[in-house]
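Open the structure in your viewer and keep the selection tool at hand. The stops below go residue by residue.

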Amino acid sequence: MAVVEIEPGREFIKAGADCTQIFLILSGKVTGVEWPTHERAYPFKDFGPGDFFGEIECFAGLPQYRISIVAATRCKVLTIPADAYMDWLHMDVDALFLRTQENMHRLITQTAEARKYLFMEGKDRLMVHLIRFYEQHQPLPDSVELRQTRTQMAEEIGFSTKTLNRSIKRLEELGLIRLNKGKIVISREGYEEMKAHYIEYYLNG
């Protein structure tokens, strides 16, 4: 095993590459990236300390990684040879049970989140995107400005530019964001309000 430091923006797991290592995030945040058939990257979820990668592929007998993982912040990661990791689980029934339980919980939770996301209104989807973007900056700053174009944002979130523009206007009216020469600026207060709204939505619908 080895502990490695990874710089922000570096892709350290590539979808389709041979699954030879298990990765455990010790500190920092990483982003899961899907590569659909049209070859445009789709960042779908952030992960942090305690999350494993490569483990589910090994459990399922898949020889390649299914998603790409990119460091969103500076990270420390524990790397474990996949063969040695699986040999350990074959011999340690308690560890196997705990990891199976954790992976089942993770898959069920992510599936539920994906279903809920599909039925969110435009402004709620935008809030999820903005919360993720803000939390990629550690420690949390007083404010963050998005550099993405409206087209890039709409494609990443999964709706039209027209819907995005309406959602941006709505969040601006609510005082959750402000615009600086057309760019979205998120304040610490706006982030905290959006986070509280999202948690309420997630718990109660």
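This tour visits aromatic rings, then charged groups, in a predicted model.

**Stop 1: the ring pairs.** Show the aromatic side chains. Six aromatic pairs are present in the structure. Select phenylalanine 47 and phenylalanine 53, which make up an edge-to-face pair. Their ring centres lie 5.1 Å apart, with 85° between the planes. That angle counts as edge-to-face because the cut-off is over 60 degrees.

**Stop 2: exposure of that pair.** Is phenylalanine 47 buried or exposed? Phenylalanine 47 has a relative accessible area of 4%, so it is buried. Phenylalanine 53 also has a relative accessible area of 4%, so it is buried too. The cut-off for buried is under 20%.

**Stop 3: an aromatic cluster.** Select Phe12, Phe23 and Tyr65. These three residues form one aromatic cluster.

**Stop 4: charges over rings.** Arginine 106 lies over the face of the phenylalanine 53 ring, 5.2 Å from the ring centre. Next, select phenylalanine 52 with arginine 99. Here the charged end of arginine 99 sits over the phenylalanine 52 ring, 4.0 Å from its centre.

**Stop 5: a helix residue.** Where is aspartate 87? Select helix α2, residues 82-91, and you will find aspartate 87 in it. Aspartate 87 has 46% relative accessibility, so it counts as partly exposed. Aspartate 87 and lysine 14 are 73 residues apart along the chain, and their C-alpha atoms are separated by 24 Å.

How values were computed
Residues numbered from 1 in each chain as written. Predicted model: local features only at pLDDT ≥ 70, side-chain atom pairs only at ≥ 80, totals over all residues. Heavy atoms only, no water. Phe/Tyr/Trp six-rings, centres within 6.5 Å; stacked < 30°, edge-to-face > 60°. Buried < 20%, exposed > 50% of the residue type's maximum accessible area, 1.4 Å probe, protein only. Lys NZ or Arg CZ within 6 Å of the ring centre and 35° of its normal. Helix = DSSP H or I, 4+ residues; strand = E, 2+ residues; numbered from the N terminus.
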